[in-house]
Amino acid sequence: MDSLTQAALGAAIGEVILGRKIGYKGAAIGVIVATIPDLDIVLLPFYSSVERISIHRGFSHSILFSLIGSILIAFILTKLKWTKQISYIRLLIFCWLALFTHMLLDAFTTYGTQLLLPFSNYRVSFDSVNIVDPFYTLPLLLGLILGLTYFRNKDSRSFYSKVGLAISSLYLLLTLGIKSYVNQKFDEVLTSQGIEYSSLLTVPVKIGSISWYGVAKTNNSLFIGRYNNLSQNPITLTEFPINDYLLNNIPIEISSTLKWFSKGFYTVAESNGKLRLYNMQCDMQGIRTYRNYKAPTAFYFEITPLSNGNYDLTTGMHKKQKK
């Protein structure tokens with residue numbers, strides 16, 4: 001999720017667990033601890049363009065990191081003036097929740113997290129919320145603001161953050177139910193058109209889990225359509241060939257990493273001697289059409305052959321055409 005949401009989540013946890021003992025400082029420490037997993041972006045300049053794909057939301061977003069990190073951070077907090085009077089066990093629980101809920105929340109987005117590292121690099125992604133979703137964030141912020149301002153001197157100050165956490169958590173569960181309904185709608189259309197697919201990806205776009213894209217994968221193609229829960233529009237499917245053979249001659253490190261990152265939902269196109277790989281798992285902005293050229297989404301990885309026999313991996317973006 002976005003940085004504001006992760007900060008609000010951490011602050012709410014800090015307010016609930018530490019607020020009655022150290023006041024607003026509990027929320028402030030919650031923000032700091034909950035932000036730690038995303039500091040992996042500081043390391044990106046030290047890696048190649050291929051390695052960077054797997055660094056963000058890598059080990060710093062794993063269950064093992066949440067355990068080790070919470071032990072170390074809780075120990076440090078016992079030495080600080082603000083928190084040294086709080087028991088180590090309480091601080092340990094707070095740190096683990098602040099770290100683990102960050103990772104778990106990210107797992108609800110399409111980007112996913114590598115929760116099982118270093119034992120497995122499988123990216124856990126429930127694909128049920130957008131990276132920015134005010135329906136999740138606002139209850140957290142409202143409960144936090146009430147507890148830290150109007151009710152800050154009352155014993156019930158943490159109650160409002162608890163309510164915010166409960167509402168936001170229920171919303172996450174609701175998005176899983178909405179996703180199941182959307183899957184059913186796409187399955188009905190695919191079945192009615194005789195399309196035998198091996199896997200189906202549905203991802204929300206914009207806010208509120210209202211508008212969704214569906215991507216069905218067959219042996220040779222992806223079928224992409226859009227559905228809106230409010231308008232309940234008929235789903236129109238557009239077919240894109242996967243063109244997997246275009247990746248046969250590039251280094252296995254590049255092709256395997258890009259395939260892993262897309263979890264198999266990708267298409268490849270050739271343009272002026274360069275290859276473009278479109279990743280539907282992590283980027284679904286809608287079909288882009290330029291005269292006779294049609295792309296399944298806006299963002300793409302571009303693989304360029306170099307004169308020395310190596311390949312350069314960069315990124316690009318199709319802009320929307322003005323009407």
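This is a predicted model: local features need pLDDT of at least 70, side-chain atom pairs count only at pLDDT 80 or more; totals for chains, interfaces and linings use all residues.
Let me begin with the salt bridges, of which this structure has five, counting a side-chain nitrogen of Lys or Arg within 4 Å of a carboxyl oxygen of Asp or Glu. Residues are numbered from 1 along each chain as its sequence is written, and side-chain values use heavy atoms, with hydrogens and water left out.

One of the salt bridges joins Glu15 to Arg157, with 2.7 Å between the closest N and O atoms. Because Glu15 sits in helix 1 and Arg157 in helix 7 (residues 157–192), this pair ties together parts that are 142 residues apart in sequence. Helices here are DSSP runs of H or I with at least four residues, and strands are runs of E with at least two, numbered from the N terminus.

Turning to the backbone, the peptide bond from Leu117 to Pro118 is cis, with omega near 5°, and Pro118 belongs to the loop between helix 5 (88–107) and helix 6 (134–148). Another loop, between strand 1 (199–205) and strand 2 (211–217), holds Lys206, whose phi is near 65°, a positive value in a residue other than glycine.

Where is Lys21 found? Lys21 lies in helix 1, which covers residues 3–22. Together with Arg20, Arg90 and Lys162, Lys21 forms a positive surface patch; patch residues have over 30% relative accessible area and no salt bridge, with like charges joined within 9 Å and nonpolar side chains (Val, Leu, Ile, Met, Phe, Trp, Tyr) within 5 Å. Those areas come from the Shrake-Rupley method with a 1.4 Å probe, and for residues only the protein chains shown count as cover.

Note on methods:
Lys and Arg count as positive and Asp and Glu as negative; His and the chain ends are not counted. The place of a charge is taken as NZ of Lys, CZ of Arg, CG of Asp or CD of Glu.
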